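Please find below my notes on the model that you asked me to look over. They go from the overall make-up of the chain to single residues.

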Amino acid sequence: MRDTLVLNASFEPLSTVSLNRAVVLVLQDKAVVEASHPELRMRAAAVDLPVPRVIRLLRFVRVPFRRQAPWSRRGVLVRDQHKCAYCGRRATTVDHVVPKSRGGGDTWLNTVASCAPDNHRKANRTPEQAGMPLLFEPYVPTPSDAMLLALGADGRAGLPDWLPEPVAAA
């Protein structure tokens with residue numbers, strides 16, 4: 001599981017890594033532990049290290065600017081917190097607001113999470129034509145939002161303490 005947050009030297013989130021990778025970065029003096037599990041420690045013959053939850057790189061890593069997170073079906077489900085945009089129940093499929101056969105594409109603003117019955121009921125129609133208004137509007141998450149939301153794909157259970165509550169679209 002990728003449960004350790006990696007911060008750039010400027011404290012901006014970069015990615016998440018496995019615990020093993022985080023420990024290697026700290027032991028190689030490429031990162032420092034910013035937050036750790038309060039009672040857990042990793043011990044070896046010459047090492048006594050807190051179990052890291054958040055690490056910060058010591059050297060700044062230049063990341064190419066990305067205007068938006070890349071679209072994916074999993075990303076849409078995570079963005080919408082696995083809630084159906086039509087009824088609010090658990091969503092397992094992705095629905096195109098404007099169907100692909102009518103010119104709609106695989107974009108953040110044209111796709112929403114949907115339960116299978118609502119996806120089939122809406123079929124090849126727009127929400128207005130099907131009489132199924134959206135409970136929330138789709139939005140484009142920032143790359144860092146997408147990374148943090150991806151950690152919360154299955155709810156808050158078992159997630160690291162540093163992960164904030166997902167923010168609903170305004």
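1. Basis of the comments. This is a predicted model, in which local features need pLDDT of at least 70 and side-chain atom pairs count only at pLDDT 80 or more, whereas totals for chains, interfaces and linings use all residues. Residues are numbered from 1 along each chain as its sequence is written, and side-chain values use heavy atoms, with hydrogens and water left out.

2. Overall make-up. The protein chain holds five helices and six strands, where helices (H or I, at least four residues) and strands (E, at least two) are DSSP runs numbered from the N terminus. Their order along the sequence is β-β-α-β-β-α-β-β-α-α-α. Of the 170 residues, 38% count as buried, with buried meaning under 20% relative accessible area, exposed over 50%, and partly exposed in between (1.4 Å probe, protein chains only). The accessible surface is about 10200 Å², and carbon and sulfur atoms account for 55% of that surface; these areas come from the Shrake-Rupley method with a 1.4 Å probe, and for residues only the protein chains shown count as cover. Among contacts (heavy atoms within 4.5 Å) with a separation of 6 or more, 57% are between residues 24 or more positions apart.

3. An open sheet of four strands has the order 2-1-4-3 and mixed pairing, two strands being paired if DSSP finds at least two bridges between them. Strand 2 (13-17) and strand 3 (31-43) stand at the edges with a single partner strand each, so one side of each has no neighbour in the sheet. On average, neighbouring strands of this sheet are turned by 35° against each other, direction ignored; axes are lines fitted to C-alpha atoms, for helices over the stretch in contact, and angles run from 0 to 180 degrees between N-to-C directions.

4. Strand 1 and its partners. Strand 1 (residues 4-7) pairs with strand 2 in the antiparallel sense over four bridges, and with strand 4 in parallel through three bridges. T4 stands opposite V17 in strand 2, while V6 faces S15 in strand 2 and has I55 as its bridge partner in strand 4.

5. Helix 1 (residues 19-27) lies across strand 1, strand 2, strand 3 and strand 4 (48-57), and runs at about 90° to strand 4. Which residues of helix 1 are buried? They are A22, V23, L25 and V26. Seen down the axis of helix 1, these buried residues fall within an arc of 160°, so they line one face of the helix; the arc is that of the directions from the helix axis to the C-beta atoms. Strand 1, strand 2, strand 3 and strand 4 are included in what covers them. Just after helix 1, D29 has a positive phi of about 55°.

6. Strands 5 and 6. Strand 5 (residues 93-96) and strand 6 (residues 111-114) run antiparallel and are joined by four bridges, with D95 standing opposite V112. Strand 6 is covered on both faces, T111 and A113 being buried on one side and V112 and S114 on the other.

7. Nonpolar cores. The largest nonpolar core has 15 residues, and those with the most contacts inside it are L77, C84, Y86, A91 and V112; such a core is a set of buried Ala, Val, Leu, Ile, Met, Phe, Trp, Tyr and Cys residues joined through side-chain atoms within 4.5 Å. Helix 2 (73-79) and strand 6 are the elements that give two or more residues to this core. Apart from it lies another core of 10 residues, among them V17, A22, V23 and L25.

8. A loop residue to check. P133 lies in the loop between helix 4 (127-130) and helix 5 (143-151), and counts as exposed at 60% relative accessibility. Leaving aside neighbours within four places in sequence, P133 is in contact with A85 and Y86. The C-alpha atoms of P133 and A85 are separated by 8.5 Å, although the two residues are 48 residues apart along the chain.
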